[in-house]
Amino acid sequence: MRELSLVIGNKNYSSWSLRPWLAMRHLGLEFDEIIIPLDRPETAASIARHTPAGRVPVLIDRGLHVWESLAILEHLAERHPELWPKPIEQRARARSLAAEMHAGFAALRSALPMNLRASGRKVAIEAATAADIHRIESIWSDAAGPFLFGPFGAVDAMFAPVATRFRTYGVPLEGTARAYAAALLDHPAMRRWQEEARAESWSVAHEEVGL
Ligand SMILES: N[C@@H](CCC(=O)N[C@@H](CS)C(=O)NCC(=O)O)C(=O)O
């Protein structure tokens, strides 16, 4: 067993799991993956073996259990500070944006669940979802390129699942926001996660939305 393990859900659907996994692969860390298929009778008991919070992802770092995707990213940044931009103003803004993603965009997350195997899905976009999309477009339009603050970092890991949702449900982007989404989807670690998601056989009916 390696010093680091990451407990995650199905790669096709578990957007919160993707975030720290992406940062860890980007950093080139060696770690064991413990995959817990979601939405099964045994899921809650399997997750409870790793965290009392009942949710994945969970990082196990030399016996220390860290849960909540943003807390895991912060924990990784203790040893890999390059996950945040160096200038204090940029670091503050990156942290604000990462926290905004972690706490917000509930309408978007509910209406457009991550589903990597699906494409060309049509869903009705209601006002609250449209407002979330508009806010994300505005954040992404300020990307320094290729990522929000230049090199890939924790804030980009937080937004990566949204780029897949926009692709799955055909949300159009333009200019810098479009280039940023393309850079996220093309990150080598992101391509690897997507390939592994496509190879999974588990399906979760309530995550399959749209026609
Ligand atoms: N705020 C948490 C959210 C984690 C979360 O909702 N994880 C989902 C999977 S993506 C989960 O564990 N669901 C448990 C279940 O479906 O039983 C985080 O940032 O890590």
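A residue counts as exposed when its relative accessible area is over 50%, and as buried when that area is under 20%, with partly exposed in between. The model on screen is predicted.

**Stop 1: H206.** Select H206, in the segment after α9 (188–198). Its relative accessible area is 53%, so H206 is exposed. H206 and D39 are separated by 167 residues in sequence, yet their C-alpha atoms are 9.3 Å apart in space.

**Stop 2: the ligand.** Select the ligand, which sits in the largest pocket. Then show the residues around the ligand: S14, W16, L38, T43, I47, G54, R55, V56, P57, E68, S69 and H102. Coloured by class, this shell has five nonpolar, five polar and two charged residues.

- from a polar side-chain atom of S69 to an oxygen atom of the ligand, 2.6 Å;
- from a polar side-chain atom of E68 to a nitrogen atom of the ligand, 2.7 Å;
- from a backbone N or O atom of V56 to an oxygen atom of the ligand, 2.8 Å.

On its own the ligand has 520 Å² of accessible area, and the protein covers 77% of that.

**Stop 3: V56 and P57.** The peptide bond from V56 to P57 is cis, with omega near 10°. Both V56 and P57 are among the residues around the ligand.

Stop 4: Go back to E68, in the loop between β4 and α3 (69–79). E68 is not a glycine, but its phi is positive, about 75°. Its relative accessibility is 40%, so E68 counts as partly exposed. Next select R62, in the loop between β3 and β4 (64–67). R62 also has a positive phi, about 50°, without being a glycine. With 46% relative accessibility, R62 counts as partly exposed.

**Stop 5: G145 and P146.** Move to P146, in the loop between α6 and α7 (154–168). The peptide bond from G145 to P146 is cis, with omega near -5°.

**Stop 6: R121.** Finish at R121, in the loop between α5 (106–111) and α6 (127–140). Is R121 buried or exposed? R121 is buried, because its relative accessible area is 18%. Show E208 as well: the side chains of R121 and E208 are joined by a polar contact of 2.9 Å.

Key. Residues are numbered from 1 along each chain as its sequence is written. This is a predicted model: local features need pLDDT of at least 70, side-chain atom pairs count only at pLDDT 80 or more; totals for chains, interfaces and linings use all residues. Side-chain values use heavy atoms; hydrogens and water are left out. Helices (H or I, at least four residues) and strands (E, at least two) are DSSP runs, numbered from the N terminus. Buried means under 20% relative accessible area, exposed over 50%, partly exposed in between (1.4 Å probe, protein chains only). A residue is near a molecule or strand if one of its heavy atoms lies within 4 Å of it. A polar contact is a pair of N or O atoms within 3.5 Å; within protein, one must be able to donate a hydrogen and the other to accept it, and residues adjacent in sequence count only if both atoms are side-chain atoms. Accessible areas come from the Shrake-Rupley method with a 1.4 Å probe; for residues, only the protein chains shown count as cover. On a 1 Å grid over the protein atoms alone, a cavity is a set of points where a 1.4 Å probe fits but cannot get out, and a pocket is an open set with protein on both sides within 12 Å along at least five of seven lines; lining residues have an atom within 4 Å of a point. A molecule sits in a cavity or pocket if more than half of its atoms lie within 2 Å of its grid points. Ala, Val, Leu, Ile, Met, Phe, Trp, Tyr, Cys and Pro count as nonpolar, Asp, Glu, Lys and Arg as charged, and the others, Gly among them, as polar.
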